[in-house]
Amino acid sequence: MSSTDLSTPQPAAERRPARILVVDDERSMRELLAIVLRREGYEVLLAENGRAAIETLEREPVDLLISDIKMPDLSGVDVLRAAKRVDQDILGIMITAFASTETAVEAMRLGACDYLSKPFDVDLLKMKVREKIENRQLRQENVLLKRTLGMAHQFSNIIGRSEAMLAVFKMIETVARTNSTILLTGESGTGKGLVAQAIHFNSLRRDKPMVSLNCGAMPEALLESELFGHMRGAFTGADANKKGLLEVAEKGTIFLDEIGEMSAVMQVKLLRVLQERRFRRVGGLEELTADIRVIAATNQNLSKAVAEGRFREDLYYRINVIPIALPPLRERREDIPLIAEHFLAKYAEQMGKTVTGISRETMELLMRYDWPGNIRELENNIERAVALEATPSILPESLPLSIRGAEAASASAPDNALPPAGFDLEAHVQEIERAYIAQALQRAGGVQVRAAELLGMSFRSFRYYVKKYNLR
């Protein structure tokens with residue numbers, strides 16, 4: 001994680017103005033507060049009573065509620081209670097000429113962050129509002145910081161000395177500080193996510209959040225809500241307003257993985273965001289702006305998908321501004337020892353084992369294997385080998401049969417005879433399954449639909465086995 005402190009307040013010009021809802025049955029008080037707060041640069045919404053305030057809260061996202069306690073229809077405490085149902089993090093300042101201990105305690109219990117009695121000092125109010133808004137923004141940024149902690153993003157985490165990878169490093173350095181949309185292509189497991197992180201954390205947006213979304217991992221309705229957010233009541237189960245990842249990534253980067261799996265309807269909606277930099281939450285009317293950098297990734301041949309009518313041509317040209325192709329591991333075999341040693345050190349430390357090397361025979365097998373699952377498959381097998389190995393060096397016996405090859409398979413079970421001591425049939429069957437899944441993926445160029453057809457499987461079943469054996 002970068003050592004940059006995301007909790008440092010950013011200049012107001014870099015953010016949307018905070019939105020404040022003022023609720024008071026006295027028109028003069030509403031207008032006074034509106035003038036004072038708008039001069040401070042805030043966006044101000046006004047409500048003349050509690051019911052109007054609740055309607056506004058259910059319709060519009062609000063950062064801070066300033067409400068009179070005593071009003072004809074509903075009290076300020078009732079309004080704050082309703083606001084908390086819509087947005088648990090909303091802040092509240094209660095103002096009244098009829099201060100009482102009971103109402104103060106109730107308001108504070110509900111989460112009012114301050115309490116002022118009329119008449120109040122305008123400068124004191126401005127100071128308290130500024131303080132509360134900054135605290136809310138800091139909390140939001142701290143949440144983002146926690147989400148990004150532990151993400152590997154330095155170039156040192158993308159391992160390779162081959163010419164192909166040096167070209168990738170050079171391209172990352174060249175494009176990172178631009179705002180252009182980037183399309184990462186390559187087979188499953190080639191490290192597209194790591195490259196996306198490296199681009200973001202070497203960009204001018206590195207102090208802002210990077211959020212990731214797997215477009216192929218959820219149904220269309222859920223994907224839309226996750227990307228754009230939703231308003232309370234937009235659909236069954238939408239009990240509160242929710243920011244989408246486009247809002248969460250404001251001023252930062254959004255990484256759209258497996259974009260080739262996106263439905264035609266979602267492709268149209270994403271195209272609008274890229275063209276106009278504007279969007280609406282699901283069930284919302286307000287147009288929101290999207291100041292984000294988009295990095296998309298796919299293991300499919302999108303130009304072929306365009307020709308076959310599975311992917312919109314206009315969206316393809318929007319995301320393919322700067323293409324970066326990541327080579328499969330079999331095309332940079334000289335990097336295999338370096339990567340294998342890296343994972344060996346990582347898992348030996350994690351497991352507290354004294355496995356410190358890889359035998360010559362084992363390394364020859366690793367170099368000879370084609371790695372249809374690429375770096376992810378290599379990592380998975382090194383982790384397995386470290387867990388199984390009882391000597392200081394990883395021996396061939398700690399590798400699966402799919403890597404050791406046909407000779408090892410026949411040697412371990414001549415003429416398909418059952419060994420005298422028996423063996424783990426389930427593990428053996430899983431080895432065979434994994435090998436065929438991996439071969440099908442390689443032959444299909446990483447396109448899972450085609451690989452599933454090669455094995456006579458449904459796409460749903462094939463995806464299950466790909467996840468099960470960590471071949472994605």
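**A colleague's note on this predicted model**

1. Although Arg277 is not a glycine, its phi is positive, at about 55°. Most residues other than glycine have a negative phi. With a relative accessible area of 28%, Arg277 is partly exposed.

2. Asn374 belongs to helix 15. Is Asn374 buried or exposed? Asn374 is buried, since its relative accessible area is 0%.

3. Now for the overall picture. The protein has 20 helices and 16 strands. Of its 472 residues, 48% are buried. Among contacts with a separation of 6 or more, 71% join residues 24 or more positions apart. The accessible surface is about 23000 Å², and carbon and sulfur atoms account for 52% of this area.

4. What lies inside? In soluble globular proteins, nonpolar side chains tend to be buried together. Here the largest nonpolar core contains 34 residues, and Leu366, Trp371, Leu378 and Ile382 have the most contacts inside it. At least two residues of this core come from each of helix 13 (336-351), helix 14 (360-368), helix 15 (374-388), helix 18 (425-443), helix 19 (448-454) and helix 20 (459-468). Helix 13 is the biggest giver, with six residues.

5. Beyond its neighbours within four places in sequence, Leu378 touches Leu329, Ile336, Ile339, Ala340, Leu366 and Trp371. There is also a second, separate core, made of 33 residues, with Leu183, Val248, Ile254 and Met262 among them.

6. Two packed helices are described by the angle between their axes and the distance between the axes. For helix 13 and helix 14, the angle is about 120° and the axes are 10 Å apart. The two helices are therefore oblique to each other, and their crossing is right-handed. On the helix 13 side, Ile336, Pro337, Ala340 and Glu341 take part, meeting Met363, Leu366 and Met367 of helix 14.

7. Which residues make the contact between helix 15 and helix 18? First, the geometry: their axes come within 14 Å and cross at roughly 160°. Helix 15 is therefore roughly antiparallel to helix 18, and the crossing is left-handed. Glu377, Asn380, Asn381 and Arg384 of helix 15 make the contact with Glu431, Arg434 and Ala438 of helix 18.

8. Finally, a stop among the strands. Ile20 lies in strand 1 (residues 19-23) and counts as buried, with 0% relative accessibility. Which residues surround Ile20, leaving aside its neighbours within four places in sequence? Ile20 is in contact with Leu37, Tyr42, Glu43, Val44, Leu45, Leu64, Ile66 and Val129. Val44 is 24 residues away from Ile20 along the chain, yet their C-alpha atoms are separated by 4.9 Å.

Definitions and conventions. Residues numbered from 1 in each chain as written. Predicted model: local features only at pLDDT ≥ 70, side-chain atom pairs only at ≥ 80, totals over all residues. Heavy atoms only, no water. Helix = DSSP H or I, 4+ residues; strand = E, 2+ residues; numbered from the N terminus. Buried < 20%, exposed > 50% of the residue type's maximum accessible area, 1.4 Å probe, protein only. Contact = heavy atoms within 4.5 Å. Areas by Shrake-Rupley, 256 points an atom, 1.4 Å probe, with all protein chains shown as cover. Core = buried A, V, L, I, M, F, W, Y, C linked by side-chain atoms within 4.5 Å. Axes fitted to C-alpha atoms, helices over the stretch in contact; angles between N-to-C directions. Parallel < 35°, antiparallel > 145°, perpendicular 65-115°, else oblique. Left-handed = near helix turned anticlockwise from the far one by under 90°.
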